[in-house]
Structure formats: C-alpha cells, structure tokens
Amino acid sequence: MALIEQEPRTEPLVTTTMRAAVVHSFTEPLSIDIKPIPVPGRGEVLVHIETCGLCHTDIHAAHGDWPVKPEPPFTPGHEGVGIVTAVGADVTEVELGDRVALPWLGYACGSCEYCVSGWETLCPNQQMMGYTMDGGMAEYAKAFAKYVVKVPYGITAAEASPLTCAGVTTYKAVKVGGTRSSDLVAVFGIGGLGHLAVQYAAIAGGRVIAVDLNDEKLELARELGAEFTINAAKQDVVAEIQKLGGANQAISTAVSPKAFEQAYGSLRRRGTLVFVGLPKDNYIQLPIFETVLQGITVVGSIVGTRLDLREVFELHAAGKTRVIFEERPLAEVNEAIADVDAGRIPARIVLRA
Ligand SMILES: [Zn+2]
Ligand SMILES: [Zn+2]
C-alpha cells in the first residue's frame, strides 16, 4: 500500500501577530484580540489552527461556571485542529506539516500512577487546553508535542474538530460503560456529544435508545443508528425504557440534572450510569436503597486518552462515523455561543480560524 504524505507547509511565518478569541471577564463576551504568535519552547509545537469546535465546556469556561475556574485572560478551545508550523527543541512526535488535534488533555506528567496505568486523563498534574493553557480558538496555538494527536490523511480539519472532544469523550464513555453486543444503551441528549455517542454505542454492538426534547434531534439519532427514540418532553422516559427491559448502560450527555436522574431510573438491574455531561447545577439525588439492591454502578468519564482519540480518528477514516456540524468564522464566536445556549444548532459549531 502506498503511503500518501500530506503536503508540508514550508512557507516561512511572515507575520508575528494573530487573532485570538479571548475571555477577559466571566461576565463579558469574548473579544477577538490581536496577540503575538506564541513561540514553541522545548517539547512544544506551534500549530496553525484551521478549525476549532465549540464545546459546552468552552461556554462554561468563558462564564466561570465550574468550581475550579480558569484565570482570565485566556483563549478557550479544546477541539483545535491545524498544521504544525514550527517545532521547539527535542520534538520527535510530530513533524512540520503534520495535521494534528489539540485535545482537552494538553499535558500530563507521564509518570504518576494514572499516567503509567493508561489513565493519563486523571493525572493530577495535567494542563487543560483552553482552560489552564490557551486553546484552539485562535489562528495559532502552542501545544506539547507529546499530547497532540495526528489526524489521519483524508479527515478534514472541520470533521476532526468535533471528534477531538465530543468524539473521544463519548467513545470513552461507551468503553467505560462496558457496552457489549445486544446491550440496551440509552443516550440522553442528542447534541454535539450525544450524536456521536449513539454511533459509538452502535459500533460496540449496543441497541441504542436516543432521548432528547427535540424531535429533529431524535430523527437525526435514528439516521445515525438509534433503534428507539424517546421525546422526554412528551413521553415518560423512565417508563418507556423500562418497558423495553431497562438499559444496561445509560450515558448522560445532557446539561440538566433532571436528565441524569431519568438516566438512573432507566437502568435495569446491574446497569451502569455513565456521567459525561457537566451541568452548571452540580448535584442530583440518587437513592441508596435501589442502588444497593439492584447492583447499580455510577461512573464518571472524562474525555479520553491519546490512544482513544487515535481510535476515534481511525474509525472515522474508515467511514464508520458521521460528524454533524455547521461552520462559522472565528469572529462570530459570541453569536455561536448564543446559538448553542439557545439550542439553535444541529450538533456542533466549528469555528474557522
Ligand atoms: Zn469539550
Ligand atoms: Zn501524571
């Protein structure tokens, strides 16, 4: 088989400044600033960003919604994809001209018990792209070469962007949930994450139940492989899923705590509830009695490792998944946030730098 190399970018950098979306305050819209292009240090690369997806996490970061807040000013974005245009000293992982993804896990120590046991995403010394490091919503971003993931030839930047967080996060959630063939898998919330969760659950052999409040999104879920759909605004979700026998796994990508409680209620005995979405309201009520007597597992799943992301890209390159997105210019980031908040988008917005 012939290897097809990507066209390397060889032109020198002629400018020293770039546009970047910047959060200056949790209560103000983002501004598009002119900033110096960062210079990669040892082990780092400079990436000329083509596209960056807009994830709910970016919106929570920009609003300072979570218990651990980022420190303004910062540039959000953890679905940045672009071309390596400069490399620092000692970089061996990637080369000039490689198309790479800059995921949430921007850096991990590589030697703690989590890093060495395949759980780098839990490294206590990690840096998060677009949260503790400047992210991909800019024309250029700096990243640690060990923590970028090469995008295979044939996948466009715009498709790779949503896979870099929404894809790997739901792919990992299906792995963590332990879906096996013929398992009934309920996916709560068919947005940026959920539309991919449906596909990974089906790839794992699950029979998928899609739950959302919007009929169009349920229709999309059906096109993407869901066997059953339930509109939670019109139907009793828990009763409907229990009629089917109860879910072996329920994956909650929704942004309301109520959906998490419904996901719990939809499980069968020995079922597993996977928490994925991160609602602003941090708590739900779970019954101890039923959890014990029915042998229920509740587990949190945060993004995925570099290996998980490689697998996600491989599946996409092999034509196994579809990414639903709408492209907007980076300058329209605030309008994009308003549209995501209002649920006016199909699944994902991808910002073109
Ligand atoms: Zn994300
Ligand atoms: Zn570590």
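Close-up 1. Because its relative accessibility is 15%, Cys112 counts as buried (buried means under 20% relative accessible area, exposed over 50%, partly exposed in between, with a 1.4 Å probe and protein chains only). Cys123 also falls in the buried class, because its relative accessibility is 2%. Donors are N, O and S atoms within 2.8 Å of the metal (3.2 Å for Na, K and Ca); water is not among the atoms, so sites may look incomplete. Helices (H or I, at least four residues) and strands (E, at least two) are DSSP runs, numbered from the N terminus.

Close-up 2. The ideal angle for four tetrahedral donors at a metal is 109.5 degrees.

**Close-up 3. The zinc ion (ligand 1) and its donors.** Cys55 (SG), His78 (NE2) and Cys165 (SG) coordinate the zinc ion (ligand 1) at 2.0 to 2.2 Å. These donors follow the spacing C-x22-H-x86-C. Cys55 is in the loop between β3 (44–54) and α1 (56–63), while Cys165 is in helix α3 (residues 157–177); the pair is 110 residues apart and links distant parts of the chain. Both Cys55 and Cys165 are buried.

**Close-up 4. The cis peptide bond between Pro72 and Pro73.** Omega of this bond is about 0°. Pro73 is placed in the loop between α1 and β4 (80–87).

**Close-up 5. Positive phi at Ser182 and Val303.** Ser182 is not a glycine, yet its phi is positive, near 80°. Ser182 belongs to the loop between α3 and β10 (184–188), and it counts as exposed because its relative accessibility is 55%. Val303, also not a glycine, has a positive phi of about 30°. Val303 is found in the loop between β15 (297–300) and α9 (306–317); its relative accessible area is 9%, so Val303 is buried.

**Notes.** Residues are numbered from 1 along each chain as its sequence is written, and chains are lettered from A and ligands numbered from 1 in the order in which they are written. In this predicted model, local features need pLDDT of at least 70, side-chain atom pairs count only at pLDDT 80 or more, and totals for chains, interfaces and linings use all residues, while side-chain values use heavy atoms, with hydrogens and water left out.
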